[in-house]
Amino acid sequence: MAKKTIDWSPGNWPKLLFRFFTSFKLATIVLALMTVITLFGTLDQVDNGLHAAKVKYFHSFFVIHKLWGFPLLLPGGLLLMLVLFVNMTMGALIKVRKRWKGAGLLISHFGMLMLLAGGFITWAFSTDGYMALYPGMKSNRVESYRNWQLEIMPLDKDGKTEKAWILPSDELQSIRSDEQRTYQTGALPFEIVINGFSQNATPIPVSAPMAAEAEGKEIDGFKLSQQKASKEAEQNLPGCYVEFRPAEGDPIEAILWSGSFRFDPRENPMPFTFEVGDQKYGALLAKKSWTVPFEVKLDEFIFERHPGVSTARNYESRVTRFESDKPDTPLEIKMNEPMRYAGYTFFQESFGPSGSEPGDEMFSQFAVANNPADQWPLWSLVVTSIGLGIHFVIMLVTFTTRSKKAPANAAS
Amino acid sequence: MSLQRLPASAHFLMNSPVAKTALCLLSGTFLLSACTDSGPEGPEIVEQELPSAHRTFKLVETSRERFRYQTRSGAGDAQAGSADSGAPRLVYDTPKGWSEGTKSMMRDINMTFGENGEGECYVARLPGAGGGLAANVNRWRGQMGAEPLTEGEIAALPQKALFGQPASFMSVDGDFTGMGGAGTKSDYRLLGVILSSDAGAVFVKMTGPRALVEANTKAFDQFVGSLDVSTGAPGS
């Protein structure tokens with residue numbers, strides 16, 4: 001029996017690559033691995049929460065999963081979906097023989113590619129955050145649920161400022177708890193040294209018994225105690241040790257804790273303050289924020305409770321949208337009835353403050369999402385359904401025609 | 001080896017500028033993913049104008065205020081919190097036979113009971129998770145000479161309502177060595193309730209000779225159940 005040989009010469013690589021990326025075997029393996037990753041990711045979610053599991057298993061090129069204590073290196077969801085996208089594009093759209101009979105399958109594969117492309121766009125370009133407002137408050141500022149940044153701002157005597165220097169959250173949150181990183185900018189007369197960043201921490205007074213177990217330096221009667229990261233990443237309260245080193249004079253040390261930011265939309269954040277020269281500065285761990293191109297004012301928050309208990313029965317917000325050169329637009333945002341405008345979607349998410357009693361003034365919280373591929377899953381399903389429908393009709397017609405011909409052939 | 005035997009669509013893939021761009025983008029994604037760590041130093045700090053709603057900051061004098069530790073009132077006050085500030089205060093029912101002890105910086109409420117005041121019950125609050133449930137449960141067990149519990153055992157601890165929320169309850173017998181290790185007291189019992197929430201952690205801890213604590217268990221439950229926060233006028 002003749003043995004198949006493969007030509008590995010460089011000139012044949014494009015052909016080998018093409019054959020590899022268009023093969024059914026690759027598609028099968030990728031789909032099987034996606035099933036495995038989905039299973040492991042779902043199980044991991046139980047221990048580590050939804051966000052952490054999503055990042056580890058689905059937003060990654062590779063993932064190390066421990067199975068009964070043994071580390072397994074697996075391709076991450078991002079890599080698998082990229083490979084599947086290439087495989088389907090090359091195999092099902094380019095390589096496949098173009099004929100009318102295959103039109104339905106071609107369309108349905110295109111729909112599946114739309115779904116994958118939509119997933120990629122969501123991963124790469126979407127943003128999600130929240131806006132919390134008391135009645136009468138107006139804002140265009142959206143805050144991140146999970147991303148914290150370091151803000152350093154010059155302050156006047158009343159604690160006011162118009163600008164800040166920002167160490168972005170991607171950089172800040174990549175610092176390990178045992179790592180030191182130094183930053184400087186010509187605009188500030190000091191270096192900034194971060195001595196370890198904890199994803200979840202509590203400042204504990206040294207007089208408290210649990211302070212004995214907290215590692216780290218004592219500053220102003222406190223130590224920063226590292227906590228296990230919460231399953232719900234938005235509940236983590238990060239902290240860090242920081243040092244400001246002016247060109248002249250002693251360094252200024254501080255503990256920064258995200259709990260000094262705000263728990264309520266009316267609170268003003270409480271920065272650590274220090275002076276270099278004649279200028280007062282504030283340093284703060286603040287939530288990453290961005291603005292939307294219009295302002296939203298909460299006119300009224302309607303909150304109904306079940307009789308006799310404090311559980312919410314219904315809550316909705318009456319708001320006005322303000323935009324320059326456009327008339328003010330009053331509207332309602334309810335559960336399952338979001339406001340969609342200028343690419344942003346405002347969902348009625350929750351309310352606060354926690355533990356509020358009947359009669360207390362309450363704030364309304366909106367989830368604010370911006371996803372360019374928001375509707376792509378719907379469109380892709382429509383396209384895939386149309387493709388499968390066409391394929392079904394073609395197959396039905398072919399079958400019926402063949403059935404009619406068969407007896408005729410048999411008779412002849 | 002030429003591409004002669006490849007289908008025409010494959011030639012398109014290899015030669016089309018659109019396809020080449022797509023491949024470059026694809027490889028660029030891989031390269032970008034390898035470059036997320038920008039190293040120990042760099043010009044990452046950027047200047048930004050702050051939105052109008054984020055331009056006023058509260059200036060505080062101490063780390064204690066910045067970390068949301070409320071100033072405890074001095075010894076002898078009837079209840080925690082400043083009586084004339086209108087700030088939220090802890091209110092509770094004092095069980096029969098219990099008496100107010102001296103408050104300390106870390107204790108909002110400090111009670112003693114028993115003939116010689118050998119039984120003790122206090123309430124303490126900390127912002128954040130206050131060291132974490134597991135660390136505190138096992139620290140208290142350590143004070144009683146008991147082995148630490150596993151995470152699973154801690155998660156399975158019974159619950160009691162504290163401020164209307166489910167809090168972990170523990171009971172452990174042993175020889176008690178309190179803070180500072182000032183002597184060991186034999187045949188003691190420790191009852192503890194720990195509540196960890198977004199707003200902070202609350203600890204209620206009772207210690208005393210086992211028989212005395214046993215006799216005061218109902219009083220402990222009554223005390224824990226009566227704890228509340230009042231925002232009303234002083235004395236309410």
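Predicted model: local features only at pLDDT ≥ 70, side-chain atom pairs only at ≥ 80, totals over all residues.
Figure 1. Among the contacts of chain A with a separation of 6 or more, 55% link residues 24 or more positions apart. Chain B contains seven helices and ten strands. Its 236 residues include 27% that count as buried. In chain B, 52% of the contacts between residues at least 6 apart in sequence join residues at least 24 apart.

**Figure 2. Helix H2 of chain A and the residue that follows it.** H2(A) spans residues 24-48. The helix has 25 residues and extends 35 Å from its first C-alpha to its last. This span is close to the 36 Å expected at 1.5 Å a residue. Just after H2(A), Gly49(A) adopts a positive phi of about 90°.

**Figure 3. Packing of H2(A) with H3(A).** Helix H3 of chain A comprises residues 50-58. The axes of H2(A) and H3(A) come within 8 Å and cross at roughly 150°. An angle over 145 degrees counts as roughly antiparallel, and the two helices are therefore roughly antiparallel to each other. H2(A) passes H3(A) in a right-handed crossing. From H2(A), the contact involves Ile37(A), Phe40(A), Gly41(A), Asp44(A), Gln45(A) and Asn48(A). H3(A) contributes Leu50(A), Ala52(A), Ala53(A), Lys56(A), Tyr57(A) and Phe58(A). By class, seven residues of this contact are nonpolar, three are polar and two are charged.

**Figure 4. Packing of H2(A) with H4(A).** Helix H4 of chain A covers residues 77-95. Its axis and that of H2(A) come within 10 Å and cross at roughly 155°. That angle makes H2(A) roughly antiparallel to H4(A). The crossing of this pair is left-handed. On the H2(A) side, the contact is formed by Leu26(A), Ala27(A), Val30(A), Leu33(A), Met34(A) and Ile37(A). On the H4(A) side, it is formed by Gly77(A), Leu80(A), Val83(A), Leu84(A), Asn87(A) and Gly91(A). The contact of H2(A) with H4(A) has nine nonpolar and three polar residues, and no charged residues. Ile37(A) of H2(A) takes part in this contact and also in the contact with H3(A).

**Figure 5. Packing of H4(A) with H5(A).** Helix H5 of chain A runs over residues 103-125. H4(A) and H5(A) pack at an angle of about 155°, with their axes 10 Å apart. That makes H4(A) roughly antiparallel to H5(A). Their crossing is left-handed. In H4(A), the residues of the contact are Met81(A), Leu84(A), Phe85(A), Met88(A), Thr89(A), Ala92(A) and Leu93(A). They meet Leu106(A), His109(A), Phe110(A), Met112(A), Leu113(A), Leu116(A) and Gly119(A) in H5(A). The residues of this contact divide into eleven nonpolar and three polar, with no charged residue. Leu84(A) of H4(A) belongs to the contact with H5(A) and to the contact with H2(A).

**Figure 6. Surroundings of Asp374(A).** Asp374(A) lies in the loop between strand E18 (363-370) and helix H7 (376-411) of chain A. Asp374(A) is partly exposed, with 17 other C-beta atoms within 10 Å. The C-alpha atoms of Asp374(A) and Thr122(A) are 7.6 Å apart, although the two residues are 252 residues apart in sequence.

Key: Residues numbered from 1 in each chain as written. Chains lettered and ligands numbered in written order. Helix = DSSP H or I, 4+ residues; strand = E, 2+ residues; numbered from the N terminus. Buried ≥ 20, exposed ≤ 12 C-beta atoms within 10 Å, placed from the backbone. Contact = placed C-beta atoms within 7 Å. Axes fitted to C-alpha atoms, helices over the stretch in contact; angles between N-to-C directions. Parallel < 35°, antiparallel > 145°, perpendicular 65-115°, else oblique. Left-handed = near helix turned anticlockwise from the far one by under 90°. Nonpolar A, V, L, I, M, F, W, Y, C, P; charged D, E, K, R; others polar. Expected span 1.5 Å × (residues − 1).
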